[in-house]
Amino acid sequence: AEEIEKTMQSFGMPMGPLTLLDEVGVDVSHHVASDLASKFRDRMHCPEGLSKMMADELLGKKNGKGFFDYDEEGNKSLWPGLGKIWPQKPQSEQPTAKEVQTRMLYPQLVDAVKCIEEGVLFDPVDGDLGAILGVGFPPYTGGPFCMMDAIGIANVVTELDRLTAAYGEQFKAPQLLRDMAKKGQTFYGKTRITLPGKK
């Protein structure tokens, strides 16, 4: 848990993801995850650990206990019972910092592309701004679409294929991204893809 926090902050997130869950509230996070899972069963689920935390009234900062314990001054320390709800693999099986970053960021890239595919977004700049200002995507990347252009669309697809084989369908590259890779297209610049409603 500490490594996830440190690794994602070092990558440019304003706060660690577990801190964010505690700040928002585990109950709110559980409600949102459950709602999304009911609407997008093919690609989202509510983690069992969140349900266990709810049952144990570990609601986050609002009641002083969540992923972290909080004292009266608001100082926090990692909750010592976390391993009972979220079992930890042996040290020999722990992922590298880069793999943690990849596993946390690449599903966001997949969903960004799906927003274009499904007509939720008509312009990548809206997705980039929304991701940075709305959900704390690392600002220096320019947002998910800028990040994919910088990495190279074909490289993103290759990495998603590796992640899918290793961890599951949540990393599956959208068809739009595969088509872009074959055609040498990007989201911005001279080789940018022509999107519906955009000339």
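Contact here means heavy atoms within 4.5 Å. This is a predicted model, in which local features need pLDDT of at least 70 and side-chain atom pairs count only at pLDDT 80 or more, while totals for chains, interfaces and linings use all residues. Residues are numbered from 1 along each chain as its sequence is written, and side-chain values use heavy atoms, with hydrogens and water left out. Helices (H or I, at least four residues) and strands (E, at least two) are DSSP runs numbered from the N terminus.

**Helices H7 and H8**

- Pro124, Gly127, Asp128 and Ala131 of H7 are in contact with Pro144, Phe145 and Cys146 of H8.
- By class, this contact has five nonpolar, one polar and one charged residues; Ala, Val, Leu, Ile, Met, Phe, Trp, Tyr, Cys and Pro count as nonpolar, Asp, Glu, Lys and Arg as charged, and the others, Gly among them, as polar.
- The axes of H7 and H8 come within 7 Å and cross at roughly 110°; axes are lines fitted to C-alpha atoms, for helices over the stretch in contact, with angles from 0 to 180 degrees between N-to-C directions.

**Helix H6**

- H6 covers residues 97-117, and its 21 residues reach 31 Å from the first C-alpha to the last, close to the expected 30 Å; the expected span is 1.5 Å times one less than the number of residues.
- Buried residues of H6 include Val100, Leu105, Tyr106, Leu109, Val113 and Ile116, where buried means under 20% relative accessible area, exposed over 50% and partly exposed in between, with a 1.4 Å probe and protein chains only.
- The cover over the buried residues of H6 includes helices H1 (2-10), H7 (124-135), H8 (144-151), H9 (153-167) and H10 (175-183).

**Thr164 in helix H9**

- Thr164 lies in H9 and counts as buried because its relative accessibility is 17%.
- The side chain of Thr164 reaches the backbone oxygen of Phe171 at 3.1 Å.
- Leaving out residues up to four places away in sequence, Thr164 touches Glu169, Phe171 and Lys172.

**Two loop residues**

- Glu57 is in the loop between helix H4 (48-55) and strand S1 (68-70), and has a positive phi of about 55° although it is not a glycine.
- Glu57 is exposed, with a relative accessible area of 53%.
- Arg41 is in the loop between helix H3 (26-39) and H4, and counts as exposed at 68% relative accessibility.
- The C-alpha atoms of Arg41 and Phe11 are separated by 30 Å, and the two residues are 30 residues apart along the chain.

Note on methods:
Polar contact = N/O pair within 3.5 Å; in protein donor to acceptor, adjacent residues only side chain to side chain.
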